[in-house]
Amino acid sequence: MPASPDINQFKEIALRYGIAPTPESVVRLTQLIARQHCCVDEIVRVIEQEPGLSARLLRVANPRASDESEYTVGTVDEALMRNGIGCALLLAMGTPLSLALIKTFQTMLSLKLESVDVHQLDALEGEHMRCSIGFSGKVAGHVYLRMSSKVARAIAAGILGLDAAELGNEEVRDAAGELLNIMTGNFKSNLCDAGLDCKLRPPKVGTTDDVSTPVEPGGGLERLAFRTGDLQIFVEVTANPWSD
């Protein structure tokens, strides 16, 4: 299983794959969160300036809603007051994760991955592949990458340039772990640059039929979804911004 590289290796990976820099608004958001006594009004202003960030925050703040008509929390200010600054951190982490995943698919597989609302995809059922990386330090939590076993095998075949039928289970797990390393390295670099240093643990890759996601004490959870053709990918981020 791939080991977790250090921060310089993460920067080299981002350069090698041409991963786009994190948008300035998200950099600013991360810097604000890094101050433990940050002004909530400033965070609200940054998020409200970006419709995409606002939409994601409201989805996080209304986890049981299948669409906007079911929202009980309707404004950025209300979402942060009810759920805490941890919600904003999830946005700051999810953006570089998404950028890295989309670019990696483009570079390694020549596939255009599309970010979609998680409710637009069929939920995973039964046994599936779950990859996870834990992180700890000034911010603590986990990143989970989930996909069906069929999708995981197709992705591994594309990365390794082999026929899916030729792959062993270990090769599929290694390819999935490497994909997760690339993703999480990009967000770790952004967190460290903003002063939220954290250490990554090596990825854990296996199969499970448990679709629940444990949330960090005092933290929050964002679910992201992506698709290209018949391939569906799910990413979950759970984090506590001030764990230490």
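Start by selecting Ser 110, which sits in the loop that joins α6 (86-109) to β1 (114-116). Helices (H or I, at least four residues) and strands (E, at least two) are DSSP runs, numbered from the N terminus. Ser 110 is exposed because its relative accessibility is 65%; exposed means over 50% relative accessible area, buried under 20% and partly exposed in between (1.4 Å probe, protein chains only). Check its backbone as well: phi of Ser 110 is near 55°, a positive value in a residue other than glycine.

The model is predicted, with local features needing pLDDT of at least 70 and side-chain atom pairs counting only at pLDDT 80 or more, while totals for chains, interfaces and linings use all residues. Residues are numbered from 1 along each chain as its sequence is written, and side-chain values use heavy atoms, with hydrogens and water left out.

Next, show α4 together with α6. Their axes are 10 Å apart and the packing angle is about 125°; axes are lines fitted to C-alpha atoms, for helices over the stretch in contact, and angles run from 0 to 180 degrees between N-to-C directions. The two helices, α4 and α6, are therefore oblique to each other (under 35 degrees is roughly parallel, over 145 roughly antiparallel, 65 to 115 roughly perpendicular, and the rest oblique). To see the contact, select Leu 53, Arg 56, Leu 57 and Val 60 on α4, then Cys 87, Ala 88, Leu 90, Leu 91, Gly 94 and Thr 95 on α6. Contact here means heavy atoms within 4.5 Å. By class, the contact of α4 with α6 has 7 nonpolar, 2 polar and 1 charged residues; Ala, Val, Leu, Ile, Met, Phe, Trp, Tyr, Cys and Pro count as nonpolar, Asp, Glu, Lys and Arg as charged, and the others, Gly among them, as polar.

Move on to Asn 62, in the loop between α4 (51-61) and α5 (76-83). Asn 62 counts as buried because its relative accessibility is 5%. Beyond residues up to four places away in sequence, Asn 62 touches Tyr 71, Thr 72 and Val 73.

Now select Phe 135 in strand β2 (residues 128-137). Phe 135 has a relative accessible area of 1%, so it is buried. Leaving aside neighbours within four places in sequence, its contacts include Met 93, His 142, Phe 187, Cys 198 and Leu 200. Phe 135 and Cys 198 are 63 residues apart in sequence, and 6.2 Å apart in space, C-alpha to C-alpha.

Finish with the cysteines. Cys 198 is buried at 4% relative accessible area, and Cys 39 is partly exposed at 32% relative accessibility. How many disulfides does a search of the whole structure find? The search finds 0, a disulfide being a pair of cysteine sulfur atoms within 2.5 Å.
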